[in-house]
Amino acid sequence: MTGVDVMFIGVGLLTTGASWLAVLSRSVLYAALWLVVTLLGLAGCYLVLGAELVALVQVLVYVGGVVVLVLFALMLTRSGVGGDVQTSVPHRVFAGVLSAGVAVLLAVALTASVGWEARTIAASDSAEIGADIFGVWVWPFELLSLVLLLALVAAVAVARGAGTTESVSEGSPT
Amino acid sequence: MSPALPMMLAALLVGAGLYGVLARRHAVLMLIGVELLLAAAGLMLVTADSLLGAETGSGPVATIFIITIAAAEVVVALAVFTALYRLRGHVDLDVRAAAAEPDRSDFDEADGEVPAR
């Protein structure tokens, strides 16, 4: 077991524990904050795996953008510390058994398919990733910019127009 | 490093995300579960690039694309939650809980009429 193994196991344990706390904690606000820890731990995993660019994008977009949006949504929907919706105990037990089964199945299948022997980390460097984005993947990249623009416009339209009682009662629900 | 370690972490993240989607009925918490599922997919792609001997850099590129699409998805989903909150007063996705509050959930799409509050 090398130092890289120890580092990955440490960061992976942090990520796993934080992800369980994110889905198990009763408070919605704490769940969002544990999601921050999970995503930061995942960025650490990317760093250990040698993908610095992906780790930076993860921190910038997820921790800086997505989680802030989630916190804003919690504030706007006034579902803070006590705003959880509890499901019934059999429901949660069934969900736990099913998700544990899926996790065990995936873990067994994936570890059996890749094997346990150690390999050297040979990640693509940032220049290679950049050449790939603007070479092989340039059309999906441009399509993604369009998707982001559409998502922003649609989000503004949905959040402002449709759904408000004023615009619906006026008969113009767009 | 053995590629089985990141794969096991991805499987555990899938389990946590699936539990979040299945067991919770708060809309934002279900969204957190979906984010965990997407994170597991990204981790597997990065692992395939770093440890499984992929020739091109497509693994990190696909991971960055997944992160971008997840950001767009979160923006639209949270706009829908905000509109849902204005309409119903809560973001509970459970049908029984919605039916249990007649003063909040009697918005009928058939006649498109919203009770004045």
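# Figure legends: close-up views of a predicted two-chain model

Figure 1. Among the elements of chain B, helix α4 (residues 95-99) of chain B has the lowest mean pLDDT, 59, while α1(B) has the highest, 93. Over chain B as a whole the mean pLDDT is 80, and 80% of its residues reach 70 or more. Across residues 102-117 of chain B the pLDDT stays under 50. For that stretch of chain B, the model has 14 contacts beyond four places in sequence. For the complex, the predictor gives an ipTM of 0.85 and a pTM of 0.83.

**Figure 2. Confidence along chain A.** Chain A has a mean pLDDT of 85, and 88% of its residues reach 70 or more. Residues 167-174 of chain A have pLDDT below 50. In the model this stretch of chain A has eleven contacts beyond near neighbours in sequence.

**Figure 3. The helices of chain B.** Chain B contains four helices and zero strands, and along the sequence its pattern is α-α-α-α. Of the 117 residues in chain B, 57% are buried. Among contacts in chain B with a separation of 6 or more, 44% join residues 24 or more positions apart.

**Figure 4. The helices of chain A.** Chain A contains seven helices and zero strands. Its elements run α-α-α-α-α-α-α from the N terminus on. Of the 174 residues in chain A, 29% are buried. Residues 24 or more positions apart provide 56% of the contacts in chain A that have a separation of 6 or more.

Figure 5. Helix α3(B) covers residues 58-88, which makes 31 residues. From its first C-alpha to its last, α3(B) reaches 44 Å. This is close to the 45 Å expected at 1.5 Å a residue. After α3(B) comes B:Gly89, with a positive phi near 85°.

**Figure 6. The side of chain B that touches chain A.** In the model, 70 residues of chain B are in contact with 86 residues of chain A. On the chain B side, α1 (4-23), α2 (27-50) and α3 each supply at least two residues. Helix α3(B) gives the most to this side, with 25 residues. By residue class, the side of chain B that touches chain A divides into 49 nonpolar, 14 polar and seven charged residues.

**Figure 7. Helix α1 of chain A and its buried face.** Helix α1(A) spans residues 3-24 and has 22 residues. The distance from its first C-alpha to its last is 31 Å, close to the 32 Å expected at 1.5 Å a residue. The buried residues in α1(A) are A:Phe8, A:Val11, A:Gly12, A:Thr15, A:Ala18, A:Ser19, A:Ala22 and A:Val23. Seen down the axis of α1(A), these buried residues fall within an arc of 135°, so they line one face of the helix. On the face of α1(A) turned away from the buried side are the exposed residues A:Gly3 and A:Val6. The cover over the buried residues of α1(A) includes α2 (28-48) of chain A, together with α1 and α2 of chain B.

**Figure 8. A:Leu106 in helix α4 of chain A.** Helix α4 of chain A, residues 89-114, holds A:Leu106. A:Leu106 is buried because 21 other C-beta atoms lie within 10 Å, and the cut-off for a buried residue is 20 or more. Leaving aside neighbours within four places in sequence, A:Leu106 is in contact with B:Ala11 and B:Val14.

**Figure 9. A:Ala107 in helix α4 of chain A.** A:Ala107 has its place in helix α4 of chain A. With 19 C-beta neighbours inside 10 Å, A:Ala107 counts as partly exposed. Not counting residues up to four places away in sequence, A:Ala107 touches B:Met8 and B:Ala11. A:Ala107 and A:Gly135 are 28 residues apart in sequence, and their C-alpha atoms are 34 Å apart in space.

Methods:
Residues are numbered from 1 along each chain as its sequence is written. Chains are lettered from A and ligands numbered from 1 in the order in which they are written. This is a predicted model: local features need pLDDT of at least 70, side-chain atom pairs count only at pLDDT 80 or more; totals for chains, interfaces and linings use all residues. pLDDT is the predictor's confidence in each residue, from 0 to 100. Two residues are in contact if their C-beta atoms, placed from the backbone, lie within 7 Å. The expected span of a helix is 1.5 Å times one less than its number of residues. Ala, Val, Leu, Ile, Met, Phe, Trp, Tyr, Cys and Pro count as nonpolar, Asp, Glu, Lys and Arg as charged, and the others, Gly among them, as polar. A residue is buried if 20 or more other C-beta atoms lie within 10 Å of its own, exposed if 12 or fewer, and partly exposed in between; C-beta atoms are placed from the backbone. The arc is that of the directions from the helix axis to the C-beta atoms.
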